[in-house]
Amino acid sequence: MRRWGTLIVALFAALGLGVGAWWFLVWEPQARQRAALETVDAFARAWEQAEWPALAARVRAPADPAVQGHRSLHDDLAPERLRVEPAAVSVGDERAHADLTVTVDLAGLDTWRYETTLELAWTDGLWEVVWTPETVHPDFVEGGGFVQEQTWGTRAAILDRTGTPLAGDADGVVVGIEPQRIAEEAEVVDALVTHAGASRGRVEALLARDDLVDDWFYPIIELPRTVFDEVDPELRPVPGVLFRAAVGRAEATGGFALHLLGRAEELDAEQAEELGRGYEEGDVAGTFGLEAAFDEQLAGRPEATVSVVGPDGEPRAVVHRVDGVEPEDLHTTLDRGVQQAAEEALGDVGEPAALVAVALPGLEVRAAVSRPAAGFNRAFAGRYPPGSTFKVVTTAALLSTGMTPDAALDCPAERTVGGRTFRNAGRRELGPLTLREAFAESCNTAYVGTVDGLEDALAEAARSFGFDDTEHDVGLAATGGSYPEPVDLVEVAAAALGQARVEASPLHMATVAGAAATGQWQPATLFPDGAAREARQTSDDPGVLRDLMTEVVASGTGTPAQVAGETIGGKTGSAEFGTEDPPETHAWFIGYRLDADGEADAPPTGLAFAVLVEGGGAGGDVAGPIAARFVGALQ
């Protein structure tokens, strides 16, 4: 390089030109070009990074309009990212020109890309930006700005398995009471519960108040117009029952399936920013439950435009448009009538409780209720020892080893296994009995007497009933069943009783009851076109276990679950927890109600369900009657 420089100097000397002329003709254009590129790049970086003093330093005075113009893009649109890239730069003696590509990542929407230009002038040995409004955007005007507007489509509905809206944007009707018009309180209660699906406990509590104003309207529930039209003939003749129109997102009943459906509500500024997706303060979005989990499907995406506005705020040109995505209904396997029955069954339960019902044989979720309504979704996400309801699994393990329902066992008041003493509830002693009787009477000591050598069969049975943390396809946080490998014979014995480290949710125990009835287990689903689910065989002859569960309700610990005219099988459970002596217990009942018209050679049809009352006590005495109310409400 040095050699070539020496030759060039010699050549210019031979031509009679000085070194200064050589600099002007060869190096000066290159220096100006580099300086122009540096100015363009510095201006672009300052615009990208909102460094307004740095941008002003590159602009020929006055710089304030330039700062205001470029700042408006940042301030008005609040992009997630802004990139300014020089596409081409041409340099002359006194003027330079740059083509710029501006890329704007719009928050919650898409990417907007456009072309603009930058003009430069050589002044006093420096390149300066000769700013015009078109530098910001070809349609921009001085003193103007940008406006981003978006339009959401009508939020789609959440539907039950028949297509009935459970939640949707539609005209609704608020059903309530006016005290001075009531003739018979019992008639009002029965009408609202039977025909509108209201909670009996809620209606009775309202009517019991002593501060009701005679001519005041007290809302009870809100029904979609389509649902109200069906029950209007039954409700309207009842004195004291009144109606008011309601427009907006309506649930099938007030608080109906709350833990499943969730809520769609107007967002405050903080919620809108957290959700993103183009949401702004005042927009409606799902805040929990299915409304939140499937918000993008139910809400779609808004149609959006970016416009240039003049100094008066009036639009001058639409410079970018984003096509929206239409909202789409969410189809579920829920059944409004079954859900209503489940709500009613738990209507007056004061303790935290849950009820889940699944269809037979497919184990599709038909209903799920958690109480209290303000608590977490314990029906799906609760994790509890299943207690003696797990004896369904233990019995399946015993049957798989060749034991028969008539096998002889013994039921002492207590039995010691591996140094630990196990006792029956109430220290009952039933003496010699069969497996059938031990299951019906839920004899702990008879079962722990069978566990020596049962480890492998019990683990396999647990796996076949889904006790391996397999996830359920319900779209929300949910707990399956867990059966950690026992460390010794004592833990095997405790696990056989649904204690030790065995855990499950009410959702999972509903599937256990369903598998006991049909001989096949698979994860529950909440969607008719959900993901493929692995089916597992739980029994070669499910009729044996069905007979045993039927006997529990006919003559054993589950007799409080009896309902006249219904074929019900079940298993009670009193699951110990905590450190009290004697321990506190959760009350369980799992079971099924079979359809009377099922085909003889086909898998049984009907509903399987699980009832849990936290700290409720004895499963048969507490959870059994709730199961009976549920089945009775289905009638």
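A: Start with the polar contact: a pair of N or O atoms within 3.5 Å; within protein, one must be able to donate a hydrogen and the other to accept it, and residues adjacent in sequence count only if both atoms are side-chain atoms. The model is predicted, so local features need pLDDT of at least 70, side-chain atom pairs count only at pLDDT 80 or more, and totals for chains, interfaces and linings use all residues. Residues are numbered from 1 along each chain as its sequence is written, and side-chain values use heavy atoms, with hydrogens and water left out.

Q: What makes the approach of the R155 side chain to E291 a polar contact?
A: The side chain of R155 reaches the backbone oxygen of E291 at 3.0 Å. The cut-off is 3.5 Å. R155 also makes a polar contact with the side chain of D295, at 2.9 Å.

Q: Why is R155 called buried?
A: Buried means under 20% relative accessible area, exposed over 50%, partly exposed in between (1.4 Å probe, protein chains only). R155 has 6%, so it is buried.

Q: Where does R155 sit?
A: In the loop between strand 5 (145-151) and strand 6 (158-159). Strands (E, at least two residues) and helices (H or I, at least four) are DSSP runs, numbered from the N terminus.

Q: What makes strand 5 and strand 12 a pair?
A: Two strands pair if DSSP finds at least two bridges between them. Strand 5 and strand 12 (residues 303-309) are joined by 7, and they run antiparallel. V147 stands opposite S307, and Q148 has V306 as its bridge partner.

Q: How do strand 12 and strand 13 meet the rule for pairing?
A: They share 6 bridges and run antiparallel.

Q: Why is strand 12 called largely enclosed?
A: Of its 7 residues, 6 are buried, so the rest of the structure largely encloses strand 12.

Q: What makes helix 12 largely enclosed?
A: Helix 12 (residues 336-345) has 8 of its 10 residues buried, so the rest of the structure largely encloses it. The buried ones are R336, V338, Q339, Q340, A341, A342, E343 and A345. At its start, a side-chain oxygen of D335 reaches to within 2.9 Å of the backbone nitrogen of G337.

Q: How do you know that the buried residues of helix 17 line one face?
A: Helix 17 (residues 455-464) buries A457, L458, A461, A462 and S464. Seen down the axis, they fall within an arc of 160°, so they line one face of the helix. The arc is that of the directions from the helix axis to the C-beta atoms.

Q: Which elements do the buried residues of helix 17 pack against?
A: Helix 14 (391-400), helix 18 (489-496), strand 21 (520-521) and strand 22 (536-537). Contact means heavy atoms within 4.5 Å.

Q: What makes W112 and F146 an edge-to-face pair?
A: Rings of Phe, Tyr and Trp (its six-membered ring) pair if their centres lie within 6.5 Å; planes under 30 degrees apart count as stacked, over 60 as edge-to-face and the rest as tilted. The count comes to 12 aromatic pairs. W112 and F146 have centres 6.3 Å apart and 65° between the planes, which is edge-to-face. Both W112 and F146 are buried.

Q: Why is the pair of F390 and Y483 called stacked?
A: Their ring centres are 6.0 Å apart and their planes stand at 10°, so the pair is stacked. F390 has 0% relative accessibility and counts as buried. Y483 has a relative accessible area of 11% and is buried.
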